[in-house]
Amino acid sequence: MNSIFHRTSVRKYQDKLVEKEKVEQMLRAAMAAPSAMNQQPWEYYVVTRREMIERLSESTPYTGCAKEAPLVFVACYRRECLRPMYAQIDMSASVENLLLEADEQGLGAVWMGIAPIKDRMELVKKIVGIPDELEAFALIACGYPLKEQTQQDRYEEDRIHYIE
Ligand SMILES: Cc1cc2nc3c(=O)[nH]c(=O)nc-3n(C[C@H](O)[C@H](O)[C@H](O)COP(=O)(O)O)c2cc1C
């Protein structure tokens, strides 16, 4: 898939809204992810309310780039699921799928870590009004990229160990 080798973290966006169909397609990709025992613990908030995006952008020292984004996804997981110890791992697969689909749609996005830092998880829950049965996992700012970016080649042959 080309997006794997094209995606980069995009932190600056054009002043342009993201179409509803594209948002839905990214969420479809997020929910197509593998998960432990197929437990699918995810729930997503799609935030376009400016005042809430601003508050989210101030929720950690590293989320400032969300401030100008037209859209922020708040990736959450259900506290009660079949294998809670795998829920955050499942969410990582889901968020990566969302990022790849954003790239596929000509959009840019950046994953901003919230879990597993408890204070940040609580703060994001409070800002968004997320109910108790969910945990906040990550913020994903998304929009049309301000400029084209090139992915670094991170392939390192000496990290591969063939056993034949
Ligand atoms: C778990 C996780 C947490 C991250 N948190 C942040 C963050 O808080 N703020 C940010 O600007 N980027 C964040 N990033 C993006 C990384 O900085 C970025 O993926 C990394 O520098 C590699 O660059 P690339 O995504 O362009 O390949 C995070 C990425 C991951 C996987």
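Student: Why is Glu-51 called partly exposed?

Tutor: Glu-51 has a relative accessibility of 47%. Buried means under 20% relative accessible area, exposed means over 50%, and partly exposed lies in between (1.4 Å probe, protein chains only). Glu-51 therefore counts as partly exposed. As to the basis of such values, this is a predicted model, in which local features need pLDDT of at least 70 and side-chain atom pairs count only at pLDDT 80 or more, while totals for chains, interfaces and linings use all residues. Residues are numbered from 1 along each chain as its sequence is written, and side-chain values use heavy atoms, with hydrogens and water left out.

Student: Where does Glu-51 lie, and in which patch does Glu-51 gather?

Tutor: Glu-51 belongs to helix α2, residues 50–57; helices (H or I, at least four residues) and strands (E, at least two) are DSSP runs, numbered from the N terminus. On the surface, Glu-51 gathers with Asp-15, Glu-54, Glu-58 and Glu-68 in a patch of negative charge. Patches are made of residues with over 30% relative accessible area and no salt bridge, like charges being joined within 9 Å and nonpolar side chains (Val, Leu, Ile, Met, Phe, Trp, Tyr) within 5 Å.

Student: What does the salt bridge of Glu-135 and Arg-79 tie together?

Tutor: The side chains of Glu-135 and Arg-79 meet at 2.9 Å, N to O. Glu-135 lies in strand β4 and Arg-79 in the loop between β2 and α3, so the pair ties together parts that are 56 residues apart in sequence. With a relative accessible area of 4%, Glu-135 is buried, while Arg-79, at 41%, counts as partly exposed. By this rule the count comes to five salt bridges.

Student: Why is strand β4 said to be largely enclosed?

Tutor: In strand β4 (residues 134–143), 10 of the 10 residues are buried, so the strand is largely enclosed by the rest of the structure.

Student: How do you know that β4 pairs with β2 and with β3?

Tutor: Two strands pair if DSSP finds at least two bridges between them. Eight bridges join β2 (residues 71–78) to β4, and six join β3 (residues 108–113) to β4.

Student: What makes the backbone at Asn-38 and at Pro-116 worth noting?

Tutor: Most residues other than glycine have a negative phi, and most peptide bonds are trans. Asn-38 has a phi near 55°, a positive value in a residue other than glycine. The peptide bond from Ala-115 to Pro-116 is cis, with omega near 10°. Asn-38 lies in the loop between α1 (20–30) and β1 (42–47), and Pro-116 in the loop between β3 and α4 (118–128).

How values were computed
Areas by Shrake-Rupley, 256 points an atom, 1.4 Å probe, with all protein chains shown as cover. Salt bridge = Lys/Arg side-chain N within 4 Å of Asp/Glu carboxyl O. Lys, Arg positive; Asp, Glu negative; His and termini not counted. Charge placed at Lys NZ, Arg CZ, Asp CG, Glu CD.
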